[in-house]
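This report describes a single protein chain, moving from its strands to selected side chains and loops. The sequence and the structure are shown first.

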Amino acid sequence: MMVVVVNNAPPRLRGRLAVWLLEVRAGVYVGVYSRKVREMILEQVSELIDQGDAVIAWSAQTDAGFDFETLGQNRRQTVEFDGLKLVKFLPK
């Protein structure tokens, strides 16, 4: 399972994501794909995100059961703590 959430994304990116994934809410896309396809989608989001931001989460063999990556400017920053990925908030 893979989930992509975008904020302030350009229409071109939203259209590209809608080709591969199901948009269950505005800016929230879900689907089940292989690692290779996930990496292709991640690359496209990275190239097309422009001034927006995105998070991509997928099922993985980790203690949490998933992994994620963030793209673009956001107040949330990924940090690792004892092998777990956590999120901290930056000051305004």
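E23 is partly exposed, with a relative accessible area of 34% (buried means under 20% relative accessible area, exposed over 50%, partly exposed in between, with a 1.4 Å probe and protein chains only). Its side chain forms a salt bridge with R14, and the closest N and O atoms are 2.6 Å apart. A salt bridge here is a side-chain nitrogen of Lys or Arg within 4 Å of a carboxyl oxygen of Asp or Glu. R14 is also partly exposed, at 30% relative accessibility.

The model is predicted, so local features need pLDDT of at least 70 and side-chain atom pairs count only at pLDDT 80 or more, while totals for chains, interfaces and linings use all residues. Residues are numbered from 1 along each chain as its sequence is written, and side-chain values use heavy atoms, with hydrogens and water left out.

**Sheet**

An open sheet is formed by 5 strands in the order β2-β3-β1-β4-β5, with antiparallel pairing. Helices (H or I, at least four residues) and strands (E, at least two) are DSSP runs, numbered from the N terminus; two strands pair if DSSP finds at least two bridges between them. The edges are taken by β2 (22-25) and β5 (66-72), and because each has a single partner strand, one side of each is left without a neighbour in the sheet. On average, neighbouring strands of this sheet are turned by 20° against each other, direction ignored. Axes for this angle are lines fitted to C-alpha atoms, for helices over the stretch in contact, and angles run from 0 to 180 degrees between N-to-C directions.

L22 has V30 as its bridge partner in β3. The loop between β2 and β3 contains G27, which is buried at 1% relative accessibility. Contact means heavy atoms within 4.5 Å. Not counting residues up to four places away in sequence, G27 touches V4, V5, V6 and R14.

**Salt bridges**

The whole structure holds 3 salt bridges.

| Pair | N to O distance | Relative accessibility |
|---|---|---|
| R14 and E23 | 2.6 Å | R14 30%, E23 34% |
| R35 and E39 | 3.0 Å | R35 56%, E39 37% |
| K85 and D67 | 3.0 Å | K85 31%, D67 22% |

R35 and E39 are 4 residues apart in helix α2 (residues 35-48), which means that about one helical turn separates them. R35 is exposed, whereas E39 is partly exposed.

The side chains of K85 and D67 also meet in a salt bridge. K85 lies in strand β7 (residues 84-89) and D67 in strand β5, so the pair ties together parts that are 18 residues apart in sequence. K85 is partly exposed, and D67 is partly exposed too.

**A buried aspartate**

The nearest side chain of opposite charge is R76, 6.5 Å away; Lys and Arg count as positive and Asp and Glu as negative, while His and the chain ends are not counted. The side chain of D53 does make a polar contact of 3.0 Å with that of N74. A polar contact is a pair of N or O atoms within 3.5 Å; within protein, one must be able to donate a hydrogen and the other to accept it, and residues adjacent in sequence count only if both atoms are side-chain atoms. Leaving aside neighbours within four places in sequence, the residues in contact with D53 are V5, V6, N7, L71, G72, Q73 and N74.

**Hairpin and positive phi values**

Strand β6 (residues 76-81) runs antiparallel to β7, and 6 bridges join the two. The bridge partner of E80 in β7 is K85. This hairpin has 2 residues between the strands, and D82 takes a positive phi near 50° there. D82 is exposed, at 70% relative accessibility.

N8 is not a glycine, yet has a positive phi of about 55°. N8 is placed in the loop between β1 (2-7) and α1 (11-20) and is exposed at 62% relative accessibility.
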